[in-house]
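Biologist: Can you walk me through how two chains meet? Keep it short, please.

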Protein chains: 2
Amino acid sequence: MILVDGVEQQVIEVTDRALHYGDGLFETLAVAGGRVRHLERHLRRLQSGCARLGIAAPDPELLSREVLQLCHQQQDSVIKIIITRGSGGRGYRPPANAAPRRILMRSEWPAYPATAQTEGVRVRLCRMRLGCNPGLAGVKHLNRLEQVLARAEWDDPSIVEGLMRDADGHVVEGTMSNLFAVLDGVLLTPELSLCGVRGIMREIVLETAARCGLAPVERKIPTEALLRADEVFLTNSLIGVWPVRRFESAEFPVGDVTRRLMGALEETAGV
Amino acid sequence: MILVDGVEQQVIEVTDRALHYGDGLFETLAVAGGRVRHLERHLRRLQSGCARLGIAAPDPELLSREVLQLCHQQQDSVIKIIITRGSGGRGYRPPANAAPRRILMRSEWPAYPATAQTEGVRVRLCRMRLGCNPGLAGVKHLNRLEQVLARAEWDDPSIVEGLMRDADGHVVEGTMSNLFAVLDGVLLTPELSLCGVRGIMREIVLETAARCGLAPVERKIPTEALLRADEVFLTNSLIGVWPVRRFESAEFPVGDVTRRLMGALEETAGV
């Protein structure tokens, strides 16, 4: 089911700037057990992303109503919200009178491996890098060719995710997930001032870790350092936390920090 | 007028990956005096861009026919060709059975300043930088948020273009044009191995310059170097060559090299 500006339809105007320039942003929300997870956080990030791109953000209450309309009587599904700058004539310049467009799509819950959360997953290193741009870093915008080409690098269904590096060889994130590692006893996640997406689950894990006394640190992580990590895990709004058991030649256990965080997150979700 | 896969229509499926990820590329062609300019070069670049992105390129003869259909009886107009990877389900991974989509749009010739070619133009330096990624450099792909945000930086109608730098402070190109400069007697254009679009007019100018014995060089150009250039000009398929008279605090004449090249290009076009 798709809603475009509140109306159920399958098509959009060819003049929309998301089609021409990727001029917009998106959110991916989990609906699990009949509940939309972290709706307010997603809507907050959407607002701040719109501000970064200079797009007039839609009313969060309107978006909220449409999300609830879309997932009515759904147990488990995925809601994607896309906000575009709207239609415009030729040229990069944003039209002065641009009317942003909102697209909400509901999809089936993805067919993730059943054991991913409990037993962990295998990931690889992508050749495609992330370009650095502090002007866009952190924003979940629609310019995602890097992720598309990175994800096109492998077919092996036993590999569930690929990690991407910046030009200097720091691992930044997965194609669809954020990255955490325990290195020399410290819980780390890549800092995202130059590239990457500030994931909602990343934010929640950082807060939860701080509350658990784990003192998480955001900093650059060289690829070589990740290979000798004690624990590695991935996060996003749909997968929650996936322990990484294998990354290229390196193997990791489902470690204590990962288990402790997963437990704490489950408690929070249950409240 | 808009053709989507050969059919006249105003809309496109919401599931198209260009909308979700900017997963595709485009060409902008000039129709001037009833003739489509450099059609074969555009179609060749489109083919090689599709190869870079792993998109099955549409038949160039089919595209060619549709371009001619669209500009039938038009004197001066602009044809934009967009090739998308087509529709797909959730996730970055390109669908195995993706059916690329072609969109052709005809627009009015833009209202460029009448004196731009003869008397030159004023340009500025953008704050928004270009992210570097050798995996995407040169391709006229649909991830254009950097250009959109750069073009949103100024309103002053007396400034027609903004120059963009890479992270290291080299000027690379304008938001919608390529850049040339004469520096210490040498004709230069930024090399584009890490970012930027390999423009058709840039290619033609390079070839024409070589034929005229001007021995053009592709290399990195620091912003400070551009400020002390002897001549500067911009190129793209619609504007041809625009001499730059003013860039921030620096002023330039419409110089001999620029004039010579403009003359040579006109002769070629007239053949």
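Modeller: One term to begin with: two strands pair if DSSP finds at least two bridges between them. Strands (E, at least two residues) and helices (H or I, at least four) are DSSP runs, numbered from the N terminus. This is a predicted model: local features need pLDDT of at least 70, side-chain atom pairs count only at pLDDT 80 or more, and totals for chains, interfaces and linings use all residues. Residues are numbered from 1 along each chain as written, chains are lettered from A and ligands numbered from 1 in written order, and side-chain values use heavy atoms, without hydrogens and water.

Biologist: Which residue of β3(B) is the bridge partner of Glu13(A)?

Modeller: Val11(B). Strand β3 (residues 11-13) of chain A pairs with β3(B) over three bridges, in the antiparallel sense.

Biologist: How many residues of each chain are in contact?

Modeller: 59 of chain B and 59 of chain A. Contact means heavy atoms within 4.5 Å.

Biologist: New topic. How many salt bridges cross the interface of chain B and chain A?

Modeller: The rule finds two. It asks for a side-chain nitrogen of Lys or Arg within 4 Å of a carboxyl oxygen of Asp or Glu. Arg93(A) and Asp155(B) form a salt bridge, at 2.7 Å from N to O.

Biologist: Which element gives the largest share of chain B's side?

Modeller: α5(B), with six residues.

Biologist: And by class, what is on that side of chain B?

Modeller: 30 nonpolar, 16 polar and 13 charged residues. Ala, Val, Leu, Ile, Met, Phe, Trp, Tyr, Cys and Pro count as nonpolar, Asp, Glu, Lys and Arg as charged, and the others, Gly among them, as polar.
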